[in-house]
Structures are given as C-alpha cells and as structure tokens.
Amino acid sequence: MEKSASERIGIRIYNSTPQVDHPPPPPPPPPGSGGGTGRRRRAVASGVQKTLSKTSLLANFLPTGTLLTFEMVLPSIYSSGECSAVTTHMIYSLLALCGLSCFFFHFTDSFHGPDGKVYYGFVTPTGLAVFKAGLVEVPKDDKYKVGLSDFVHAMMSVLVFAAIAFSDYRVTGCVFPGHAKELDEVMQSFPLMIGIVCSGLFLVFPTTRYGIGCVSA
C-alpha cells in the first residue's frame with residue numbers, strides 16, 4: 001500500500017482537543033434568603049450591637065448590678081420572640097424593679113469600721129442608718145446626711161436607665177407596639193441627649209457616695 005506524503009516524511013499531525021464550555025457558577029443567594037431562624041439571629045445580633053454602641057458610656061452612671069440584672073433577665077423574658085400579654089407585663093415589672101433600684105441605691109453609702117470591714121446603710125436627714133445596727137459605731141459626719149445632690153443623682157440614674165432600656169427593640173416593641181419607626185427616630189438622639197445632660201449635672205452636683213453597686217471607698 002502506498003503511504004501518504006506526510007507519513008513518508010515522518011510528520012504526524014495531531015488534532016487539538018476541542019474546548020469544553022463549562023457553565024458559569026451559580027450566583028450567590030441574595031442576603032436574607034436563608035431561613036427564618038437566620039433572619040431572626042441577624043436581627044437579634046443587630047439589635048444588641050445597636051443598643052451597646054449607643055449606651056456604652058451611659059452605663060457608667062448606673063449601679064453595676066442594675067444594668068447587669070436587666071441584660072441577663074430580659075433575654076429570658078423575650079425568649080419566645082413575641083410580645084404576648086405575659087411578656088409585656090413581665091417587661092413592665094423588670095423596668096419598674098430596675099428603675100427603683102437605680103433610685104434607691106443612690107441613697108446608700110458606706111464606711112470602713114475599726115475592724116477594716118465595709119458597712120453599708122441608707123442616708124437619712126439625721127445621718128447614716130446602717131443595715132446591721134449595733135455592730136459598729138456609725139460616723140456622725142454631715143456627709144452621711146441626705147441632701148439635694150442625692151435626689152439629683154437618683155433622678156438622673158433613672159433617666160439613664162430609661163435611655164438604655166428603651167434603646168432595646170425588645171422593650172419598645174412590647175411597651176409601644178406599632179410605633180417602631182417613630183421610636184427609632186427618637187432613640188437616635190435621646191440617649192446622647194440624656195448622656196450630655198447627666199454628665200453636666202453630675203459635674204455640677206458631684207457625689208462622694210460609695211453605696212451599693214459602687215466601688216468601695
């Protein structure tokens with residue numbers, strides 16, 4: 001059999017492999033297309049971050065235990081994610097208890113006894129009423145008598161707590177249902193305004209109290 005010219009010369013011709021067109025990768029799912037659980041978690045995380053960013057400085061004006069109690073109890077009350085009648089009444093009770101603690105803790109003070117222990121009591125017009133009376137001699141200094149600055153600090157502490165509490169969407173959603181948009185606009189500036197006013201009043205009315213929830217003297 002007679003060979004072709006290319007075979008006689010020794011040249012072998014290769015055919016190139018045809019390119020296969022791969023389909024483009026599917027587009028990523030749009031944000032928020034996950035399940036209801038993912039949306040709820042993102043909403044909770046966003047709400048908590050928004051609350052903390054607005055009120056981190058205001059917390060310095062509050063007794064430490066009050067804000068800690070509020071932040072620990074509120075998630076358990078709102079665990080269902082719905083504002084039922086029971087949830088709303090429990091939130092009202094939590095706000096009232098925390099507000100009262102902010103008010104009354106500013107009327108407490110402490111002193112070091114001869115034994116080195118710290119004793120706490122309520123400030124009254126006549127002096128300090130120690131919780132455990134008779135165990136130690138109570139100082140008779142005038143600084144342990146109630147004054148105008150105590151009422152100013154107590155009222156400012158309640159206002160600061162209200163600014164922090166109502167910055168949380170879980171509270172406003174149950175206490176003021178149907179007014180989320182209006183409250184969101186108000187809370188954009190309300191915590192900042194309360195912080196400025198309270199900072200100025202705390203400078204005008206300084207306090208030397210070291211009561212419950214404050215650093216011991």
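Predicted model: local features only at pLDDT ≥ 70, side-chain atom pairs only at ≥ 80, totals over all residues.

**Entry 1: a term to begin with.**

**Entry 2: the record.** I checked UniProt next, and its unreviewed entry gives the annotation "transmembrane region" to residues 90-107, 119-136, 148-166 and 186-205. I then looked up residues 148-166 in the model and found 95% helix and 0% strand. Here the end C-alpha atoms lie 27 Å apart.

**Entry 3: the whole chain.** I stepped back and noted eight helices and three strands. Along the sequence they follow the pattern α-α-α-α-β-β-β-α-α-α-α. Of the 217 residues, 30% count as buried. I also looked at contacts between residues with a separation of 6 or more, and 67% of these come from residues 24 or more positions apart.

**Entry 4: two helices that meet.** Two packed helices are described by the angle between their axes and the distance between the axes. I looked up both for helix 4 (residues 85-104) and helix 5 (residues 148-165): the axes come within 8 Å and cross at roughly 145°. The crossing of helix 4 past helix 5 is right-handed.

Which residues make the contact? From helix 4 I listed Leu95, Cys98, Gly99, Cys102 and Phe103. From helix 5 I listed Ala154, Met155, Ser157, Val158, Phe161 and Ala165. Sorted by class, this contact has nine nonpolar residues, two polar ones and no charged ones.

**Entry 5: aromatic rings.** I counted nine aromatic pairs. Why is the pair of Tyr78 and Tyr169 called edge-to-face? The ring planes stand at 85°, and planes over 60 degrees apart count as edge-to-face. The ring centres are 6.4 Å apart.

I liked this pair, as it links distant parts of the chain, 91 residues apart. Tyr78 sits in the loop between helix 3 (64-77) and helix 4, while Tyr169 belongs to helix 6 (residues 169-175). Tyr78 is buried, with a relative accessible area of 16%, whereas Tyr169 is partly exposed at 31%.

Another pair I looked up is Phe103 with Phe107, which is tilted, with 5.3 Å from centre to centre and 50° between the planes. Phe103 has 21% relative accessibility, so it counts as partly exposed. Phe107 has a relative accessible area of 8% and is buried. Both rings belong to one aromatic cluster, made up of Phe103, Phe104, Phe107 and Phe151. I had already met Phe103 in the contact of helix 4 with helix 5.

**Entry 6: a residue in a loop.** My last stop was Val136, in the loop between strand 3 (127-130) and helix 5. Is Val136 buried or exposed? I found a relative accessible area of 14%, so Val136 is buried.

What does Val136 touch, leaving out residues up to four places away in sequence? I noted Phe111, Gly113, Pro114 and Tyr119. I also looked at His112, which is 24 residues from Val136 along the chain, and the two C-alpha atoms are separated by 9.8 Å.

Key
Residues numbered from 1 in each chain as written. Heavy atoms only, no water. Axes fitted to C-alpha atoms, helices over the stretch in contact; angles between N-to-C directions. Helix = DSSP H or I, 4+ residues; strand = E, 2+ residues; numbered from the N terminus. Left-handed = near helix turned anticlockwise from the far one by under 90°. Contact = heavy atoms within 4.5 Å. Nonpolar A, V, L, I, M, F, W, Y, C, P; charged D, E, K, R; others polar. UniProt positions renumbered as here; feature names shortened; annotations may be inferred. Phe/Tyr/Trp six-rings, centres within 6.5 Å; stacked < 30°, edge-to-face > 60°. Buried < 20%, exposed > 50% of the residue type's maximum accessible area, 1.4 Å probe, protein only.
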